[in-house]
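Q: Could you take a close look at one part of this model for me, the strands and how they pair? I'd like the cut-offs along the way.

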Amino acid sequence: MTEPIDATQTSTTGDARRIVELAAATNTTMSNKLLLDTLRRSAQVTTRHIRTDFVEVATATAVLGYVCRQGSEYTALRGDDPAWAQEIGRYGTESLAVEALRMRRA
């Protein structure tokens, strides 16, 4: 019987270990991409409102980017300097833009 791998939990301590153990128990090769995606999903981010329409998104060690409100859209900007940040998308809510920055590959 094969146990499905659930990589959507938010526990930072057990997810990666669980995936490695499941791969070993089922003789499945595990890619680095799967492990990195799992760790990325469990990354904790904080937001800091710089202005009412501008939010900084960061982890404990680095700034991921910024979310800027433009009318009814929220623009996610990737980079640690707002002057040089790259737009990665426009979203309907601030939380979706923050999630896009959290999940985005570097």
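A: Start with β2 and β3, which form a hairpin with 4 residues between them. Before going on, some ground rules: this is a predicted model, where local features need pLDDT of at least 70 and side-chain atom pairs count only at pLDDT 80 or more, while totals for chains, interfaces and linings use all residues. Residues are numbered from 1 along each chain as its sequence is written, and side-chain values use heavy atoms, with hydrogens and water left out.

Strands here are DSSP runs (E, at least two residues), numbered from the N terminus, and two of them pair if DSSP finds at least two bridges between them. β2 covers residues 54-58 and β3 residues 63-70, and they run antiparallel over 5 bridges.

Now back to Tyr66 for the rings. Searching the whole structure turns up 1 aromatic pair (Phe, Tyr or six-membered Trp rings with centres within 6.5 Å; planes under 30 degrees apart are stacked, over 60 edge-to-face, the rest tilted). The ring centres of Phe54 and Tyr66 are 5.3 Å apart with planes at 20°, so this pair counts as stacked. Phe54 belongs to β2 and Tyr66 to β3, so the pair ties together parts 12 residues apart in sequence. Both Phe54 and Tyr66 are buried, meaning under 20% relative accessible area with a 1.4 Å probe, protein chains only.

Technical notes:
Buried < 20%, exposed > 50% of the residue type's maximum accessible area, 1.4 Å probe, protein only.
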